[in-house]
Amino acid sequence: MHSEQASKESTGKAYTREEALQLDGSDSLRHLRSEFIIPTKDDLKRKTLSLQSTSTGSQEELCVYLCGNSLGLQPRRSAGHVSDYMKAWATKGVFGHFKAHEDSIIPPFVKIDDVAAQRMAPIVGALVSEVAVMETLSANLHLMMASFYRPTQERYKIILEGKAFPSDHYAVESQIRHHGRDSEQAMILIEPLDSTRAIITTCQVMATIDEHASTTALILLPGVQYYTGQYFDIQAITAHAHSHGITIGWDLAHAVGNVELQLHDWDVDFAVWCSYKYLNCGPGAIGGLFVHDKHSQVDKEAIENGHEGYRPRLSGWWGGDKATRFQMGREFIPIPGAAGFQVGNPCALAICPLLAALEIFAIASMPAVRSKSIMLTSYLEELLQRSTSRAAEDGMDELYWIITPPSTAERGAQLSIRLQPGLLEGVMVELEEQGVVVDERKPDVVRVAPAPLYNTFSEVWDFVAIFDMACRKANSKKTNNSRGLGVLGGTEDKG
């Protein structure tokens with residue numbers, strides 16, 4: 001709560017663009033914006049690829065990109081890391097796996113996933129041994145459930161939120177069916193009490209756990225909910241699950257690189273995430289997983305005596321003991337830690353942009369990133385609320401409202417804004433025309449996520465001004481159409 005108060009005091013009443021620029025001037029992370037390639041407005045409309053987007057343009061030419069919750073922008077460092085990979089492959093071939101280059105910014109291919117795990121661990125608050133960089137989020141979720149969902153006759157249910165990201169729902173349902181059970185009976189969905197806001201309270205989660213504790217085998221929840229931006233109390237919910245002897249895993253797609261995490265200290269059993277949102281690693285980037293060290297120990301003596309000696313899992317070559325990996329034996333002995341859950345050789349090319357992005361986080365630190373994020377999103381909230389208040393004073397109907405929790409402790413960077421019915425399409429067309437990039441969730445929600453590594457207070461100011469104008473314009477068109485008046489000079493439909 002202290003950080004929430006500090007953020008509001010430091011941005012309060014900065015209502016003009018000049019005041020927003022003053023906030024930019026005092027931003028301790030402002031130098032990191034130059035680490036990213038910000039598309040220009042012309043880039044967004046151009047029908048051919050061009051190198052102009054990497055050149056330095058004036059601030060007025062750049063788009064307002066507030067869509068890092070969907071796909072983060074490209075770090076300038078990424079190209080260098082990928083280039084060194086291509087050169088190492090070209091000049092060394094298979095020896096690139098093992099031979100380092102004095103002038104390369106990437107390690108040999110065989111070590112690249114280990115280096116990535118070392119850099120990722122501080123982002124998620126984990127021991128290095130608890131992190132593996134591998135696969136994609138959905139694949140990792142299946143791998144984790146193959147190990148952690150061990151249904152019995154008494155305990156077979158999986159608790160998840162009713163508005164879970166579809167891929168999570170598909171994974172859970174398919175795992176239940178894979179074990180020969182009825183998903184209608186085994187899936188416990190936590191639905192929002194108020195469908196207009198879609199928020200699930202911690203008390204509601206805990207009450208559901210209490211109700212189904214004796215029959216639940218696993219809980220899967222999001223760290224930050226993709227639709228509303230709600231930040232769940234991971235520590236409290238995990239502790240409550242464990243008090244009932246229930247394993248709990250977390251989908252951190254919208255949490256990693258967004259909020260501070262302490263997965264080891266919070267005693268989380270397992271977690272999975274992607275790297276293309278707040279981590280800025282590119283479309284479909286390689287994912288990651290966390291397995292608490294209490295679940296990943298390997299007892300080699302037990303194995304030698306004919307016992308399994310490690311947690312059951314879907315095993316693969318790259319998860320095997322490094323000391324014997326290239327002996328090509330048939331007996332699988334896993335690497336202790338999360339690396340022992342790896343299956344195939346991770347794509348070195350896919351890890352290169354991740355290494356580049358994590359270098360930037362190392363410069364900033366997650367506490368600093370989170371501190372600025374709280375300030376940016378609080379400023380966005382303040383300006384949006386001021387716009388709706390001014391509209392009310394002018395006798396206008398409320399055109400939009402925020403459905404994300406108001407407390408900074410219960411949200412990350414994202415604010416989800418619900419529009420009045422019939423406005424979304426017109427608003428999105430106008431925003432795109434003005435060079436503003438945000439995310440829509442039909443039929444009526446706009447998701448806006450200022451990313452503290454590259455977004456500014458003046459961009460937030462610009463967005464609110466353009467967004468408010470776009471809502472008024474779309475509402476005017478809707479009103480005129482309902483009266484049969486039509487609109488002159490209407491905008492063209494998006495493809």
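Trainee: Leaving aside its neighbours within four places in sequence, which residues is Ser387 in contact with?

Mentor: Once neighbours within four places in sequence are set aside, Ser387 is in contact with Tyr400, Val464 and Asp468, where contact means heavy atoms within 4.5 Å. Keep in mind that this is a predicted model, in which local features need pLDDT of at least 70 and side-chain atom pairs count only at pLDDT 80 or more, while totals for chains, interfaces and linings use all residues. Residues are numbered from 1 along each chain as its sequence is written, and side-chain values use heavy atoms, with hydrogens and water left out.

Trainee: Is Ser387 buried or exposed, and where does it sit?

Mentor: Ser387 belongs to helix H13, residues 366-393; helices (H or I, at least four residues) and strands (E, at least two) are DSSP runs numbered from the N terminus. Ser387 counts as buried because its relative accessibility is 13%, with buried meaning under 20% relative accessible area, exposed over 50% and partly exposed in between, for a 1.4 Å probe and protein chains only.

Trainee: Switching to helix pairs, at what angle do H14 and H15 pack?

Mentor: H14, residues 424-433, packs on H15, residues 457-482, at an angle of about 135°, and the two axes lie 8 Å apart. Axes are lines fitted to C-alpha atoms, for helices over the stretch in contact, and angles run from 0 to 180 degrees between N-to-C directions. That angle makes H14 oblique to H15, given that under 35 degrees is roughly parallel, over 145 roughly antiparallel, 65 to 115 roughly perpendicular and the rest oblique.

Trainee: Which residues make that contact?

Mentor: From H14 they are Gly426, Val427, Glu430 and Leu431, and from H15 they are Ile466, Phe467, Met469, Ala470, Cys471, Lys473 and Ala474.

Trainee: And which residues of H14 are buried?

Mentor: They are Leu424, Val427, Met428, Val429, Glu430 and Leu431. Besides H15, these buried residues pack against strands S10 (415-419), S11 (436-437), S12 (439-441) and S13 (445-448). After H14 comes Gly435, which has a positive phi near 75°.

Trainee: What is the strand order in the sheet that holds S10?

Mentor: That open sheet of 4 strands runs S9-S10-S13-S12, with antiparallel pairing; two strands pair if DSSP finds at least two bridges between them. Its edge strands, each pairing on one side only, are S9 (400-402) and S12. Direction ignored, neighbouring strands of this sheet are turned by 30° against each other on average. S9 and S10 run antiparallel and are joined by 3 bridges, and Trp401 stands opposite Arg418 in S10.

Trainee: What about the sheet of 7 strands, what is its order?

Mentor: It is an open sheet too, in the order S2-S8-S7-S6-S5-S3-S4, and its pairing is mixed. S2 (131-133) and S4 (187-190) are the edge strands, each pairing on one side only, and the twist averages 15° from one strand to the next. S2 pairs with S8 (residues 288-291) in the antiparallel sense over 3 bridges, and the bridge partner of Val133 in S8 is Gly288.

Trainee: Which strands does H5 touch?

Mentor: Helix H5 (residues 112-124) packs on the sheet and touches S2 and S7 (270-273), its direction making about 125° with that of S2. Helix H6 (residues 137-148) also packs on the sheet, touching S5 (216-222), S6 (247-251), S7 and S8, and its direction makes about 165° with that of S7.

Trainee: Why is S6 called largely enclosed?

Mentor: S6 is largely enclosed by the rest of the structure because 5 of its 5 residues are buried. Thr247, Gly249 and Asp251 point one way, while Ile248 and Trp250 point the other way. In general, side chains of a regular strand alternate between the two faces of the sheet.

Trainee: How many bridges join S5 to S6?

Mentor: The two strands run parallel and are joined by 5 bridges, and the partner of Leu220 in S6 is Gly249. Leu220 lies in S5 and counts as buried, since its relative accessibility is 3%. Neighbours within four places aside, the contacts of Leu220 include Leu141, Ile159, Val172 and Trp250. The C-alpha atoms of Leu220 and Ala164 are separated by 9.4 Å, although the two are 56 residues apart along the chain.
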